[in-house]
Amino acid sequence: MSRIRALIARVLRSGHMEHDLRDELQSHLDMETDEHIRRGMNPAQARRQALLNSGGLTGAAESVRAQRGLPWVDSLLADIRYALRTLRRSTAFTAVVVITLGLGIGANTAIFSVLRGVLLKPLPHRDGDRLLYLRQAYDGLGGENVNFSVPEVNELRSGAKSLGQIAEYSQWTQNLEGPNDAIKLNAGLVSGNFFDAMGLSPILGRLTRPSDDGAGAPPVMVLTNEFWMKRFAGDSSIIGKQVRLGGASVTVIGVVQPAPFFPDHVDAFLNMVVSPHHVSAMMVQGRTHRMTEVLARLAPGATLDMAAADIAALHSRMRQEHPDAYNPASHYRIDVIPFKTAIGEKARLTLWLLMGAAAFVMIISIANVVNLTLMRGVRRQQELVVRAALGAGVSRLRRLLLVENLVLTLMGAALGLGLAFGGMRLLIALTARYSPRASEIHLDLVALAFALLLSVSVALLLSFAAFLPKDGALASFISAGMRMSGGLKKQRLQRALVVTQVAVSVVLLAGAGLLTRTMIRLADVPTGLQTEAILTVPVSLFNSAHYDASTDAENKALYTRMQAELRALPGVTDVALGSTLPLRASMMSLNMKAEGEAPSSTGVAPLNPEVRTVGPDYFRIAGIPLLKGREIQTTDQPGSGKVLLINKALADLLFNGADPIGKQLAFTGDVIRFTPLNYEWRTIVGVVGNTKDAGLDVTPRPAVFLSFAQEMAIDGGFVIRANSNVTSLVTSVQRVIQHIVPTTPIGEVMTVAQVKDQSVAPRRLNAALISLFGILAVVIAAVGIGGVLAFSVSTRTNEIGIRMSLGAASGQVQRMIMREGGVLVALGLVIGIALSFFGGGIIDGLLFGVAPRDPVTLVSVAVTMAVIGIGACWIPAARAARIDPAITMRS
Amino acid sequence: MPKTDVKQGTLALMILTTLDVLGPLHGYGIARRIEETSKNRLTLNYGTLYPALVKLEQEGFIKAEWAQSENNRRAKFYALTAPGRKQLARERKEWHQTAHLIAAFLAPRSETT
């Protein structure tokens, strides 16, 4: 590096140095002349003698310049000028190479930047690689991540010596009231040691500390940097102020440094005391009251394996001591996952897939560029031989080629960086769906170095692959008439490259095909709703912190009023009331037991359905089929017997074909005491169809629907039907609600179709990106096949001419050339299909509704590639068939 | 005795020694000193001397600075640097060893075969 800098400085200073050298030599001459004069010569004589002794000033200056190394730079500049001139002369070649390389380098640089930002770069947390995420899970529906209870956390804290610090976190939402509006605040309730354990520092004020734990501590709030900027415009005077959160006052104590937050993207952190539930005896003492996520830091000297072993031992003891809390049939376990891995879990497969696809595009484009350069090299053979014969050394020519290729590839790199820069926003948006680290992505120096390294390597490869006459072998070339011919070895290399291009294109196409089919399958999945033209509007009046019986009637009255006013809007035909609207995931699932069933402790996993509430006519208006029984009616009032509906998934699970109508269900478990529900038996009055609420690719979970009027309200919202386009109603709906409940945040107002579309969007982007790469690959490969074949035809013009004059029909010639290309395409196809067949399993995790070795996809990919390949061969073959033997023989 | 050109590799040592003995000196002074020391058997034209000076400067053994000469001419003065001093000691030692070695080889054979 310092040498390069010195070189640049020297070039810049060269004018000054020339001057300096002249002065120095002049002063030498003058002093010597002085000396001669002192010894008695006359000035003219003295000067002559001095000049004589000098041995020639010009020669001396040149030797000094040579010693300084300037000629090297001069000739390099000359080489660059020459390279630019040659490249300008062959515009088509330059354009194809630069664009091909640009696409390859652009795709790789962009995706590498994302990969590095999201998966590879160290976390901003202090010693981030020592952070762990613990996940308790059991077999069966809803058991993927059941969190921890406070007693479990306490046992881990006291028992696991390999964990230095264990922090608690639970997700919590509350309405944050501002002077003019209210928003839904996504917050994390954390233990006092949370930030210390995570290795995060404040950028303003202070963070929580152990003294903020417990029921007696004043409620405090730490803002994330992002939320502080967004909501408070980075105003530092907010520190120490009180904010209104769900009717209570909370003091803002600080802002935490920017960092990715996991498991949720939150706006702020609060101490546990803001949620009375979280400091209640039930929460603190209930072993099955699992609402806490556990983040931990490895103790000094401890390793991941030690922590996993420690925790496995502790957990097995817990299971022995409390058999009632760990149903043996469910196989409870705790996974110990490095925090960085946990954060990248969702993004990993997609990103590596994209990186692989980009690398494939790079392989194809390099193969193409090498092919083009080889062909051009053969055409330039004559020029190079002449240059060599005129005295340019082979090493000088090699350097000339290297400079030319460097200029070429660096131009490609510049284009690529431009493309990468442009594509970055799209990629960041894509990644934000999978990773909390998307904000850390930017085209960084490593990516830049990566692009430069790629282009320099390609340049070296190209210069190495180029033909150069050997010193001393010139005569034979010249005497051979300098005929154009690639040479068997070169042609074999070109063919191998074509086969590679076809094979790699096939693999990319197969991946694109599978992902596209996945997307189509997913979009085709029935949602369970009979129509998608329904507007869904979540309106949350309630504090999850405390369900207050005293305000319940008032809240219900507000909902009824909103429902009435919405129904009165012009265009609206029907409005139903319900909590957790269709196709939106529910946060609430509770243990239940069926009438006559023993309390679940032996052998079977407990029933754990999602809980929703609905008003009269909800299912008809939402378009959810009523399979059996009846809907909630206006007669199902608090005074009458409590009723509920269940979905088909629950009916199948619980009643196995028997008629569930009239059977009874009740909630079980300690948690119920902290909900607005109770342990009363509720009678099943109806069964409704399943809806894909947790995602189109997720098996519907069992669910119960309680009567909105009979229960204390949990949450609320509306489903709206209109006699025309429902989307045109959005603003008027928002206005009505805002008018009635101005301080309540309104959730996203979306049609069912929009909700569905949103859930397919990431897959669509995946499929689109890979398809883009696939199409790119095929186009580049087609250019490659066509180019190589055309070149082969042009070197065989003589031969073909002879064949034709000896009686070969033009159809025969065409077939011959087609065969030559067809063999390459077929070989590439076979290899590509084999690779796709055996490698398909890699992307299994991203597929839905198609097998990784889906024969339909593979066959259509093979057919597509074959058609394109044959098409690419056709043009040069047709040209070969048109060769006029008379002309070729004469030339 | 005919004048000869400087042998490859010896000039650097001569320059370093000159600067060591005389202190900072301009190119002309260095050339005169070397010619005098060799009793005028060596001639140093510019094309030999100045590239050698540039090389030594690049290697960091000497540094150059413009200053007024003794008879009031502006001249570029070269001076030894610390690494230059070390290099001189090293080269001097090597030359002595080589000289001894060559002398031993060139001495009339004394042992019998």
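How many residues of chain B are in contact with chain A, and how many of chain A with chain B? Before I answer, please keep in mind that what you see is a predicted model. In this model, 15 residues of chain B are in contact with 19 residues of chain A. On the chain B side, the elements that contribute two or more residues are helix H2, residues 27-37, helix H3, residues 46-59, and strand S3, residues 74-80. Of these, H3(B) gives the most, with six residues. If we sort the residues on that side of chain B by class, six are nonpolar, five are polar and four are charged.

Let me stay with chain B for a moment. Chain B contains four helices and three strands, and, read from the N terminus, its elements follow the order α-β-α-α-β-β-α. The chain has 113 residues, of which 27% count as buried. Taking the contacts in chain B between residues at least 6 apart in sequence, 50% join residues that are at least 24 apart.

I would like to look next at a sheet in chain A. Four strands form an open, antiparallel sheet in the order S12-S20-S11-S21, with S12(A), residues 572-577, and S21(A), residues 750-751, as the edge strands, each of them pairing on one side only. Within the sheet, S11(A), residues 535-538, and S20(A), residues 717-722, pair in the antiparallel sense over four bridges, and A:Leu535 stands opposite A:Ile720 in S20(A). Helix H16(A) packs on this sheet, where it touches S12 and S20 of chain A, and its direction makes about 165 degrees with that of S12(A).

H16(A), residues 549-567, has a helical partner as well, namely H19(A), residues 730-740, and these two pack at an angle of about 145 degrees with their axes 10 Å apart. H16(A) passes H19(A) in a right-handed crossing. The contact is made by A:Leu558, A:Arg561, A:Met562, A:Glu565 and A:Leu566 on H16(A), and by A:Val733, A:Val736, A:Ile737 and A:Ile740 on H19(A); seven of these residues are nonpolar, none is polar and two are charged.

Finally, one residue: A:Val726, in the loop between S20 and H19 of chain A. Is A:Val726 buried or exposed? It counts as buried, because it has 25 C-beta neighbours inside 10 Å, where 20 or more are required. Beyond its neighbours within four places in sequence, A:Val726 is in contact with A:Ala533, A:Ile534, A:Leu535, A:Ile720 and A:Thr751. For A:Leu535 the separation along the chain is 191 residues, while its C-alpha atom and that of A:Val726 are separated by 6.3 Å.

Technical notes:
Residues are numbered from 1 along each chain as its sequence is written. Chains are lettered from A and ligands numbered from 1 in the order in which they are written. This is a predicted model: local features need pLDDT of at least 70, side-chain atom pairs count only at pLDDT 80 or more; totals for chains, interfaces and linings use all residues. A residue is buried if 20 or more other C-beta atoms lie within 10 Å of its own, exposed if 12 or fewer, and partly exposed in between; C-beta atoms are placed from the backbone. Two residues are in contact if their C-beta atoms, placed from the backbone, lie within 7 Å. Axes are lines fitted to C-alpha atoms, for helices over the stretch in contact, and angles run from 0 to 180 degrees between N-to-C directions. A crossing is left-handed if the near helix is turned anticlockwise from the far one by less than a right angle, and right-handed if clockwise. Ala, Val, Leu, Ile, Met, Phe, Trp, Tyr, Cys and Pro count as nonpolar, Asp, Glu, Lys and Arg as charged, and the others, Gly among them, as polar. Two strands pair if DSSP finds at least two bridges between them.
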